[in-house]
Amino acid sequence: MKVEISKTYNPQEVESRWYGMWESKGYFRADAASTKHAFAIVMPPPNVTGSLHIGHMLNNTVQDVIVRRKRMQGFNTLWLPGMDHAGIATQWVVERELRTEGLSRHDLGREKFVARVWKWKEEYGGNILRQIRRIGSSCDWSRERFTLDEGLSLAVREVFVRLHEEGLIYRGKRLINWCPRCMSALSDLEVKPKSSESKLYHIKYPLKGSEGTSGEFVEVATTRPETMLGDTAIAVNPEDKRYKGFTGKIAVLPLVGREIPFIEDTAVDPKFGTGAVKVTPAHDLADFEMGQRHNLAQITVIGEDAKITAEGGVYQGMDRFAARKKVVEDLDAQGLLVKVEALTNNVGQCERCSTVVEPLISTQWFIRIKPLAEPAIRAVEDGRTKFVPPNRSNDYFEWMNNIRDWCISRQLWWGHRIPAWYCECGEVIVSRVDPEKCTKCGSSKLRQDQDMLDTWFSSGLWPFSTLGWPDQTEDLKTFYPGSLLVTGYDIIFFWVARMMMFGMKFMGDVPFRTVYITGMIRDAERQKMSKSKGNVVDPLEICDKYGTDAVRFAFARNAAPGKDLALSDSQLESYKFFATKIWNAARFMYQYVDDSDHLPTIEELRASNLTLVDRWILARLALATQEVRQSMEQYQLHEAARSIYRFFWDEFCSWYLEMIKLHPERSKPTLLFVFENALRLLHPFMPFITEELWQSIPHKGESIVIAPYPELESGAGDAASESDTEMIQDIITKVRNIRAEYLVDSKQKVIVRVATSDQRIIGLLKTAGDYIHKLAQVGEVVVVDRIAGDKLSAQAVAAGCTIEVPLAGLIDLAAEMTRLTKLRDKATKDRIVIEKQLSNPDVIARAPAEVIEEKRRQLADLEDQIRKLTAGIDRLN
Ligand SMILES: [Zn+2]
Ligand SMILES: [Zn+2]
């Protein structure tokens, strides 16, 4: 029976066919009881609110290519998918929805609000997991997890209690970042610095005993004058000679009248302003630390609502920015405002809602992080976990070595609630099970802490909580430590570092052996994608347009670890064309192959009498297989993709299929063998089209997903067959070039003279000359001692010999001269224009570097053209 696939390649049709079958057959399921080597990846859990963006597409492509190959290699693969409850992000979405109904979460109350979020999750959440299926990700969905699952919540509680028992979790008053809109503490990482046009206000602080504008004073500078209401000292550097003898003096805080001391602290930069700085321990981190060193009072003048507190006297109740204006006006009226300068500085914003963050002193829960960080630092130092590319470990060390205690409480309602209860007697109970009575006084009037844990607390446990920890499950034994983590560099601190710390602490081993850091996807001009620029690409849209396989291949082909990649339509177009080319190769095959044909083994092929080109293609297949293995072992997916592309396109389609048109029946076994192997080699990159075509040719097994990955590393070919075939190909290419250059009619056959005395070439031209006849429209190949150098002939070097194609009678001499001369004149004109541009200093100064580069390239091309045209004209003269 003849095999049939549709005439044209239709990605949508092909891609809708297979995923359901793969999933229902259980191919993606890991087996905890298997004796095979395990290869495990946990998917970075996307937010439950998320939908697939271009970064996910890259991240998933990388993971899927690696996992599919490992699965085909016979590993017991686990790719564990799931989602993060994303505390603040999800709460924000549901609160926004409530606002459209004129409600706030407080109108609903905690319980109803949380129920509402769960309802939202069931209805709208998890869209992203459907999209992840759609792009072919071969996850084990039977093990899908959610950070708020019962099991994972149990793990969170266990970790909290254990760390608390060991004194590594504590409750304390610290200066934290506060978002007055979200009404929640933020970790340092949730504050994004935004470059802003600010003002620097210079203010006079009179010295005690000389109040009034004429007396003695010091000048301080601040961008946040409203915080002066909470100043409790003035600090100078002990080395600063200008302030020798100031210790012991007292300043009088303007507008407030509080007396504040001078202190000396080496943290003060004598070069900033006048060298004297105001100290506000309750509203600035550096000041907070300085205040602790000098036992200064902490006076909170801005509240959680960003309004001035009672401590702010007459300013009480004003919004912080209104208060800023008023404070400045009042200082000015009293003659205490020296000057105002414009200044660009970074202002911290809430990464969720962009509200300016207010540093506040607040009672929060913290993790004492240094004892956790040390083993995690050592694990990367001694290579138990490796970064790809290796230089990304520098970011990790940099952060880990300067780590601060982690504020883990969040004033949210959605997430894991802090398992701490307060008794009226003052006792704080932290417990694995909800306590009924106070352990100290026996009272049952207990109040649970209102706060939730930072989302990253539960995601930090992801590599083992998803496998059943704290129970010692089979999954945990088999799949921990994981083999690989694939993630972006933006969450090395948020996430990778925390998984490392928790993994070392609770599992006694690293959570993964390798951390693969992906780059960022940029547009064709290498610009960052952003909504404001309007250059954001929707991954599902391009999958619809070009086919998922083509998009995956484009990503893999560009995915050098840690390097940003530029995505262009022309690239996507070319990989769609690549898929089409493979499709057409299959259609060509079906002319000769039907499903009763036998798929040979390499041994059978080796034992048979293969043609020269069969031996050649087998050697090339072996080489591609070997290159793919080497590249993939180093996680260089882009190199592997390049090898496969070159093999499929240049060698298999462009040469092999053309050359065997001379003897299709004889080459059929090799053709089948090579195509079937190449599909398996390509499968991890382009899963859909490879399954479709593999199913339509003779094959062994029920799906390419679980077929073995090709391991052929030496073909039935040999060095001699390779170089012989390449010599023939070289001659064909050169003759084709000459025909094209001189516009020889495609129906006209030409004669080729080859100047050689090399017996091997002479023999080869006899046995393999037919390929030249057929593929280059050659009537006769003649071996000569040397090239006569006919005027009307074209020459080239091919296969190490000079070859000549006589052109007399094939071209119209006069017309050809005119044509070449015209072309040369045009190229010369163009060259002059570009040379002028490049010698104009204005152009050089203004134009972007890429433009200049492009011009230089054009110039080099034109010079090359002119040289060739001149040589052609000379030959005709
Ligand atoms: Zn906020
Ligand atoms: Zn009590």
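**Cysteines and helices**

Modeller: At a relative accessibility of 7%, Cys 407 counts as buried, because the cut-off for buried is under 20%. Bear in mind that this is a predicted model.

Biologist: How many disulfides does the structure hold?

Modeller: A disulfide is a covalent bond between the sulfur atoms of two cysteines. The structure holds 0 of them. For Cys 407, the nearest cysteine sulfur belongs to Cys 179 and is 14 Å away. Cys 801 is also buried, with a relative accessible area of 5%.

Biologist: Is helix α3 largely enclosed or open, and why?

Modeller: An α-helix has 3.6 residues a turn, so residues three or four places apart point the same way. In α3, 10 of the 14 residues are buried, so the helix is largely enclosed by the rest of the structure. Among the buried ones are Ile 88, Trp 92, Glu 95 and Leu 98. The buried residues pack against α4, α5, β6 and α12. Helix α3 covers residues 87-100 and reaches 21 Å from first to last C-alpha, close to the expected 20 Å. Just after α3, Gly 102 has a positive phi of about 75°.

Biologist: At what angle do the axes of α20 and α21 cross?

Modeller: Roughly 170°, with the axes coming within 8 Å. That makes α20 roughly antiparallel to α21, since angles over 145 degrees count as such. The contact includes Trp 616 and Leu 623 of α20, and Phe 647 and Trp 655 of α21. Its residues divide into 16 nonpolar, 2 polar and 6 charged.

Definitions and conventions
Residues are numbered from 1 along each chain as its sequence is written. Chains are lettered from A and ligands numbered from 1 in the order in which they are written. This is a predicted model: local features need pLDDT of at least 70, side-chain atom pairs count only at pLDDT 80 or more; totals for chains, interfaces and linings use all residues. Side-chain values use heavy atoms; hydrogens and water are left out. Axes are lines fitted to C-alpha atoms, for helices over the stretch in contact, and angles run from 0 to 180 degrees between N-to-C directions. Helices (H or I, at least four residues) and strands (E, at least two) are DSSP runs, numbered from the N terminus. Angles under 35 degrees count as roughly parallel, over 145 as roughly antiparallel, 65 to 115 as roughly perpendicular and the rest as oblique. Contact means heavy atoms within 4.5 Å. Ala, Val, Leu, Ile, Met, Phe, Trp, Tyr, Cys and Pro count as nonpolar, Asp, Glu, Lys and Arg as charged, and the others, Gly among them, as polar. A disulfide is a pair of cysteine sulfur atoms within 2.5 Å. Buried means under 20% relative accessible area, exposed over 50%, partly exposed in between (1.4 Å probe, protein chains only). The expected span of a helix is 1.5 Å times one less than its number of residues.
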